[in-house]
Amino acid sequence: MSTVESLVGEWLPLPDVAQLLDVSITKVHALLDERALAAVRIGDRRIRSVPAAFIQDGHAVESLKGTIVVLADAGYSDEELITWLFTPDESLRGRPIDALREGRKTEIRRRAQTMAW
């Protein structure tokens, strides 16, 4: 199991994401293209999957897109940015993804932007 796989824990294959969001698989691919979500290939079968924590109340975590864009523009791969989002940070009292889910996007975006430099 890779580091990112163990950090995230719960993963959703793309068809499950479509079901949870009540959209077509094509729309899930569009969300990935738009950087509203990020996915990596996990497991022995290398199935493209999204961290379950990226979905909240039947929607993609709202503040995730801008954060993914900032990190991707800084040259982070999906695996690297997911690793960053799920790595505990004592100064945050948790993980960046948890802060985003709690609505603390300004603090996380600021940190992501400093990582870009």
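## Helix H4 against helix H7

Gly-66, Thr-67, Val-70 and Leu-71 of H4 meet Ile-108, Arg-109, Ala-112 and Gln-113 of H7, where contact means heavy atoms within 4.5 Å. The model is predicted: local features need pLDDT of at least 70, side-chain atom pairs count only at pLDDT 80 or more, and totals for chains, interfaces and linings use all residues. Residues are numbered from 1 along each chain as its sequence is written, and side-chain values use heavy atoms, with hydrogens and water left out. Helices (H or I, at least four residues) and strands (E, at least two) are DSSP runs, numbered from the N terminus.

By class, this contact of H4 with H7 comprises four nonpolar, three polar and one charged residues. Ala, Val, Leu, Ile, Met, Phe, Trp, Tyr, Cys and Pro count as nonpolar, Asp, Glu, Lys and Arg as charged, and the others, Gly among them, as polar. The axes of H4 and H7 (residues 105-115) are 9 Å apart, and the helices pack at an angle of about 10 degrees. Axes are lines fitted to C-alpha atoms, for helices over the stretch in contact, and angles run from 0 to 180 degrees between N-to-C directions. H4 and H7 are therefore roughly parallel to each other (angles under 35 degrees count as roughly parallel, over 145 as roughly antiparallel, 65 to 115 as roughly perpendicular and the rest as oblique).

## Helix H4 against helix H5

H4 (residues 64-73) and H5 (residues 78-86) have axes that come within 10 Å and cross at roughly 125 degrees. That angle makes H4 oblique to H5. From H4, the contact is made by Leu-64, Thr-67, Ile-68, Leu-71 and Ala-72, and from H5 by Leu-81, Trp-84 and Leu-85.

Ser-63 lies in the loop between strand S5 (59-60) and H4. With 8% relative accessibility, Ser-63 counts as buried (under 20% relative accessible area; exposed is over 50%, partly exposed in between, with a 1.4 Å probe and protein chains only). Apart from neighbours within four places in sequence, Ser-63 is in contact with Leu-100, Lys-105 and Arg-109.

## Leu-7 in helix H1

Leu-7 belongs to helix H1 (residues 3-8) and is partly exposed, with a relative accessible area of 25%. Leu-7 and Thr-87 are 80 residues apart in sequence, yet 6.9 Å apart in space, C-alpha to C-alpha. Leaving aside neighbours within four places in sequence, Leu-7 is in contact with Thr-83, Phe-86, Thr-87, Pro-88 and Arg-95.
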